[in-house]
Amino acid sequence: PSSTCEDCWEGADSEGMDPLKTSAYIMIVSGIVVFAVMVFGGIKPMYGRYGGKSSAIFFEMNGKVAWVLQELPMVLWGLFALITANRLYLSSPANVILTLFLLTHYLQRTFVFPFLIRGGKTTPFVIFLCALTFCAWN
């Protein structure tokens, strides 16, 4: 095996489209749009210091449960990457170590941190869905 990992990911198709780059560009553009809408549109977030009473549309859920569920996709993606990685990827100790660091970080962030929070507030369901979408995509 070569010392580089050019063949580790089968991302680009025959026309040169790279789904990883495309996804990254979409995420960057969507972040800029959301920032502009919130700053220039005067929209305040529905949680934290700006949180008010929820309506029937924006019901709330337990914050610890929301945290675990929104962070879970990253744990699952990390495990999926490690389990389905090809032999060339796994032949590099650096790749394996970095993937294990990522998994350790997200295991702690998902299953330990939420239960260290004392008290805590509820989370609007819409905010949970946004966080879940971001974590799954990211």
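Take contacts in the protein chain between residues at least 6 apart in sequence: 78% of them join residues at least 24 apart. Keep in mind that this is a predicted model.

Now walk along the chain. Its secondary structure comes to five helices and two strands. From the N terminus on, the elements run α-β-α-α-α-β-α.

Next, the surface. The protein chain has 138 residues, and 18% of them count as buried. Buried here means under 20% relative accessible area. The accessible surface of the chain comes to about 10,300 Å². Carbon and sulfur atoms account for 69% of that surface.

H4 spans residues 93–111, which makes 19 residues. From its first C-alpha to its last, H4 reaches 26 Å. That is close to the 27 Å expected at 1.5 Å a residue.

Which residues of H4 are buried? They are Asn95, Thr99, Leu103, Tyr106 and Thr110. Look down the axis of H4: these buried residues fall within an arc of 75 degrees, so they line one face of the helix. The spacing follows a general rule. An α-helix has 3.6 residues a turn, so residues three or four places apart point the same way.

Turn to the other side of H4. There, Pro93, Leu98, Phe101 and Thr104 are exposed.

What covers the buried residues of H4? The cover includes helix H2 (63–84) and helix H3 (87–90).

Technical notes. Residues are numbered from 1 along each chain as its sequence is written. This is a predicted model: local features need pLDDT of at least 70, side-chain atom pairs count only at pLDDT 80 or more; totals for chains, interfaces and linings use all residues. Side-chain values use heavy atoms; hydrogens and water are left out. Helices (H or I, at least four residues) and strands (E, at least two) are DSSP runs, numbered from the N terminus. The expected span of a helix is 1.5 Å times one less than its number of residues. Buried means under 20% relative accessible area, exposed over 50%, partly exposed in between (1.4 Å probe, protein chains only). The arc is that of the directions from the helix axis to the C-beta atoms. Contact means heavy atoms within 4.5 Å. Accessible areas come from the Shrake-Rupley method with a 1.4 Å probe; for residues, only the protein chains shown count as cover.
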